[in-house]
Amino acid sequence: MSQLVILLGPPGAGKGTQARTLTEHLGIPHISSGDLFREHVAARTELGKNAQSYLDQGLLVPDDVTIGMIEDRLARPDCAQGALLDGFPRTVAQAEALDRILAERGEKILLVAKIAVEPEILVRRLSGRRTCRKAGHIFHTEHSPPKKPGVCDVDGSELIQREDDRPATVEKRIRVYNERTAPLEAYYRDHGLVVEFDGERPMAEVTEAVLREIRQRTPG
């Protein structure tokens, strides 16, 4: 049975870090919808050119284009033992399409891992981030502060707070995420696939908890 895992969690929950660590442990690829879009657009594939035509108009890329990219990616040999999906599906319609794709391949989702973090913690995590103006090096006022406040350790350029890291913007991002994800989470809960993990615990503990759940759900 392939290990197909979906990672859910709001901005700042630590999904990216968890995804990188989990894929190393499991030996399966991390499939990020954002990375997939950029790959297809850069390679000027038919799907990429189709997506670009919508992006150029400031429109959302239709589900069928996004689903086509995911289907193409899951068909590659490195996904034979499974994959970790991050950023897809985003809607119930996409989830239903994914179910159809997997059913055709005789596969199904093993786990939907929800990384839960209280909103005030998310705001503190994200609003503390600072980015260097010259090359984009990342620091954090609490967790990884620069040696000299406001100055990048690497190239000495000014550290700035990006607009999307300001508290009011972060709060809005979290609210929008929760509103959009609620129906998707309900869909997967109805299928008995959602397990919630405490994203406020140390990263290594969260990783081990997710791995333990995956092992319990994997036959043999």
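Analyst: In this predicted model, Phe 139 is in contact with Gly 128, Arg 129, Arg 130, Ser 144, Pro 145, Pro 146, Cys 152, Asp 153 and Leu 159, leaving aside its neighbours within four places in sequence. Phe 139 belongs to strand β6, which covers residues 138-140. With a relative accessible area of 8%, Phe 139 falls under the 20% limit and therefore counts as buried. Gly 150 stands 11 residues from Phe 139 in sequence, and their C-alpha atoms are 9.7 Å apart in space.

Strand β5, residues 129-132, contains Thr 131. The relative accessible area of Thr 131 is 9%, so this residue is buried. Beyond four places in sequence, Thr 131 is in contact with Gly 136, His 137, Ile 138, Glu 158, Leu 159, Ile 160 and Arg 162.

Gln 94, Ala 95, Ala 97, Leu 98, Ile 101 and Leu 102 are the buried residues of α5. Because these residues cover an arc of only 160° around the axis, they lie on the same side of α5. Their packing partners are β1 (3-8), α4 (63-74), β3 (82-86) and α7 (167-190). On the face turned away from the buried side, α5 carries the exposed residues Arg 100, Ala 103 and Glu 104. Just after the helix, Gly 106 takes a positive phi of about 70°.

Another pair of helices shows how two axes can cross. The axes of α2 (residues 33-43) and α3 (residues 46-55) come within 7 Å and cross at roughly 105°. An angle from 65 to 115 degrees counts as roughly perpendicular, so α2 is roughly perpendicular to α3. Phe 37, His 40 and Val 41 of α2 make the contact with Leu 47, Gly 48, Ala 51 and Gln 52 of α3.

Finally, the structure holds 1 aromatic pair. The ring centres of Tyr 187 and Tyr 188 are 5.3 Å apart and the ring planes stand at 75°; since planes over 60 degrees apart count as edge-to-face, this pair is edge-to-face. Tyr 187 and Tyr 188 are both buried.

Terms used:
Residues numbered from 1 in each chain as written. Predicted model: local features only at pLDDT ≥ 70, side-chain atom pairs only at ≥ 80, totals over all residues. Heavy atoms only, no water. Buried < 20%, exposed > 50% of the residue type's maximum accessible area, 1.4 Å probe, protein only. Helix = DSSP H or I, 4+ residues; strand = E, 2+ residues; numbered from the N terminus. Arc of directions from axis to C-beta. Contact = heavy atoms within 4.5 Å. Phe/Tyr/Trp six-rings, centres within 6.5 Å; stacked < 30°, edge-to-face > 60°. Axes fitted to C-alpha atoms, helices over the stretch in contact; angles between N-to-C directions. Parallel < 35°, antiparallel > 145°, perpendicular 65-115°, else oblique.
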